[in-house]
Amino acid sequence: MKQLITFVSILALVGNTSYAINKEKDDNKLFAVITQENGKKLGYSPQSGIQILTVDGLKFKDLNRNGQLDRYEDWRLPAEVRASDLAAQLSIEEIAGLMLYSAHQAIPSKESGFGAGTYNGLPISQSGAKPSDISDQQRQFLVNDNLRHVLITTVQSPTIAAEWNNNVQALCEGIGHGIPANNSSDPRHGTSANAEYNAGSGGQISLWPGQLGLAATFEPEIVKQFGSIASHEYRALGIATALSPQIDIASEPRWNRVNGTFGEDPDLATDMARAYCDGFQSSEDNNGGWGTYSVNAMVKHWPGGGPEEGGRDGHFDYGKYAVYPGNNFQTMLRPFIDGAFKLQGGTDMAASVMPYYTISYGQNGGTNSNRGNSYNKYIITDLLRDKYGFNGVVCTDWMITADVTGVSKFEGKCWGAENLSVAQRHYEILKAGVDQFGGNNDKEPVLMAYKMWKDEYGTQSARSRFEQSAVRLLVNIFRTGLFENPYLDPAESQKTVGNPEYMKAGYDAQLKSIVMLKNKGNVLPLKSKKLKVYIPKRFVKGIPDWWGIKADDKTEHPVSLDIIKRYYTIVNSPSEADFALVFIESPNGGTGYSDEDVQAGGNGYMPIPLQYGEYTATTARDPSLAGGDTFEKSDNRTYRGKSFTSYNFTDAELVKETRRQMGKKPVILSVKCFKPCILSEVESEADAIVIDFETQAQAVMDIISGKVEPSGLLPMQFPKDMLTVEAQKEDVSRDMIPYTSSEGHSYDFGFGMNWKGVIHDARVEKYK
């Protein structure tokens with residue numbers, strides 16, 4: 001078990017400067033913090049070998065141990081000046097390490113599967129290591145590969161995360177030029193983790209609605225508040241970069257990442273993107289500019305990952321094409337160029353950009369080259385950098401330089417560059433204007449790319465190109481204060497992360513994100529605690545998760561009954577109940593590809609229905625707009641004439657059966673939505689419908705019971721049927737015929753109800 005941490009405080013005077021030294025004792029490992037009256041707080045490890053310099057009565061860290069104050073060590077200078085000075089001192093091997101972004105790291109490392117690692121060659125349970133120790137793999141990439149950007153997923157606790165951060169920072173401080181680790185995170189404030197891009201969600205941290213839920217509030221100020229709170233929690237965990245927000249416009253309703261967006265409306269998505277970045281990057285200790293609470297925002301996915309043909313996703317070869325049948329490419333850029341790049345706070349612009357895996361089909365500046373966005377010089381240099389003036393860090397999405405061996409493999413994502421070597425892919429990405437390689441712990445391919453550049457353009461050009469990226473990467477580390485003090489007080493971290501104030505703010509946002517679609521006869525709210533409720537069990541089909549691991553089928557209560565008991569009396573049969581409460585999820589129409597179809601002689605491509613029952617794609621596009629693949633014989637990715645039934649079709653059957661059992665007694669339907677859905681199969685069976693975008697069940701119950709009035713609005717259209725889904729264009733927002741309910745309400749963008757009826761307020765006026 002982790003030993004208790006003690007602190008020793010020493011007050012000293014040097015010249016006219018008062019400073020305090022705090023030492024953390026952890027099994028003979030020490031770090032000290034110097035607090036200066038007229039200067040920056042400095043944190044350092046006495047065992048790292050660095051010394052503290054006194055210049056003009058102020059304290060500075062001698063990170064390169066040369067006995068003098070270098071410009072990059074002088075915290076009085078601008079970040080850009082410091083970054084340029086340090087970049088010029090670095091070896092190519094050190095710069096190559098800066099260009100790396102680690103694979104996903106759990107703290108402690110898992111013993112098997114995603115994020116696995118070892119300690120002295122053994123899994124942690126057999127090694128005697130502490131949860132906060134540095135794993136073998138982490139030590140390898142920090143020391144031997146000079147990597148300084150680490151992606152963190154799950155953490156055992158805020159205390160463990162802070163202790164691990166301190167161990168990593170002490171290690172990095174004693175190497176080379178003392179560059180601290182810039183730890184980062186994918187979104188981690190959600191209520192559950194279901195994919196590699198939110199693998200840190202659901203831990204000891206404030207819980208907020210999913211990003212689509214934040215959009216459903218239609219209030220950018222809530223998103224800004226989220227960013228501000230999240231930045232404090234991130235910094236308490238040792239995280240200084242957020243691999244978020246996802247600001248793709250969800251113009252294609254079938255895409256499985258709609259739930260991570262701010263919806264389909266360009267105006268709303270733009271305002272939300274700006275608010276998110278302002279919240280994360282603005283630090284109150286520097287009048288809203290860069291400071292010790294700032295977290296670099298990495299906006300994604302340039303130039304917009306939403307318009308995936310047929311709704312398939314670019315994590316896989318079968319979803320690698322983004323298409324523009326509405327010639328609407330420019331609109332996809334708006335959340336970036338009018339939102340994230342035009343902030344209201346003192347940081348001006350988002351710190352980083354991540355392009356998506358996809359090939360933006362036909363968007364190549366007339367070069368006839370269709371490659372993934374990070375390989376596309378027109379997308380990265382001509383547009384992002386030259387036309388729109390972005391000079392921050394551009395980091396690839398994860399694993400785009402790794403090999404892939406099949407259309408449906410969760411492997412590398414080197415779209416359009418499958419036939420190049422790993423080193424050649426790095427070289428092409430650097431030539432396109434990218435600075436950093438996501439998910440690559442190994443510096444060797446970067447060094448090989450440097451040699452290729454040197455052989456083609458000369459040593460001076462190669463050195464200049466590498467320094468250019470080094471400056472951009474270092475600026476983000478300097479601006480967030482990590483060079484001065486990257487260390488954390490674990491006890492304070494434990495108090496900060498998920499504290500009651502933050503938890504309340506997150507929960508309040510959950511409440512504001514819930515949308516009421518139907519309230520026949522004003523059946524809601526159901527306020528009396530004496531009411532008896534019947535909650536049918538839900539069948540959950542076991543399907544492969546993001547990593548291909550198949551779960552078992554199960555029938556279970558969809559929510560914790562302990563939560564429901566706070567509001568009503570639970571009964572086991574419909575005949576005893578005053579009303580029924582049915583919990584289901586939006587239709588899961590799969591990924592749009594089937595290996596079984598290939599084995600049966602087909603091309604593998606399938607429809608992605610937004611309805612529960614069987615759907616046959618009689619009107620699907622044929623031929624496809626995009627195609628062409630190393631692993632396929634045909635360029636036509638059509639699925640016309642094929643049928644698919646959503647995995648959770650039993651959800652609709654559950655609603656119908658509950659209605660039959662309840663007779664005329666009220667049936668309340670709660671739908672957890674991950675994307676737009678067609679409700680025609682279930683809407684008429686329910687007296688009231690509330691939908692949530694990945695909130696806690698308690699928030700839903702607070703709405704149903706009348707503790708809180710619903711106020712959320714639909715951040716996207718709910719379509720009438722699959723015919724209108726097939727007819728819509730992947731790059732055009734709000735171009736479907738919405739479903740009209742049995743109550744005569746159109747489930748269009750901006751629709752929502754409160755106890756008085758349909759909401760018509762300033763939010764609706766502004767955005768609808």
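Seven strands line up in an open sheet, in the order β8-β9-β10-β11-β12-β14-β16, with parallel pairing (strands pair if DSSP finds at least two bridges between them). β8 (104–107) and β16 (393–394) sit at the edges with a single partner strand each, so one side of each has no neighbour in the sheet. This is a predicted model, where local features need pLDDT of at least 70 and side-chain atom pairs count only at pLDDT 80 or more, while totals for chains, interfaces and linings use all residues. Residues are numbered from 1 along each chain as its sequence is written, and side-chain values use heavy atoms, leaving out hydrogens and water.

**Strand pairs**

- Strands here are DSSP runs of E, at least two residues, and helices are runs of H or I, at least four, both numbered from the N terminus.
- Inside the sheet, β10 (residues 182–185) pairs with β11 (residues 239–242) in the parallel sense over three bridges, and S184 has T241 in β11 as its bridge partner.
- β5 (residues 51–55) and β6 (residues 58–62) go antiparallel, over five bridges, with Q51 bridged to D62 in β6.
- That pair forms a hairpin with two residues between the strands, and D56 in the turn has a positive phi of about 55°.

**Helix packing**

- α7 (residues 220–236) packs on α8 (residues 266–281) at about 30°, with axes 7 Å apart (axes are lines fitted to C-alpha atoms over the stretch in contact, and angles run from 0 to 180 degrees between N-to-C directions).
- That makes α7 roughly parallel to α8 (angles under 35 degrees count as such).

Definitions and conventions. Parallel < 35°, antiparallel > 145°, perpendicular 65-115°, else oblique.
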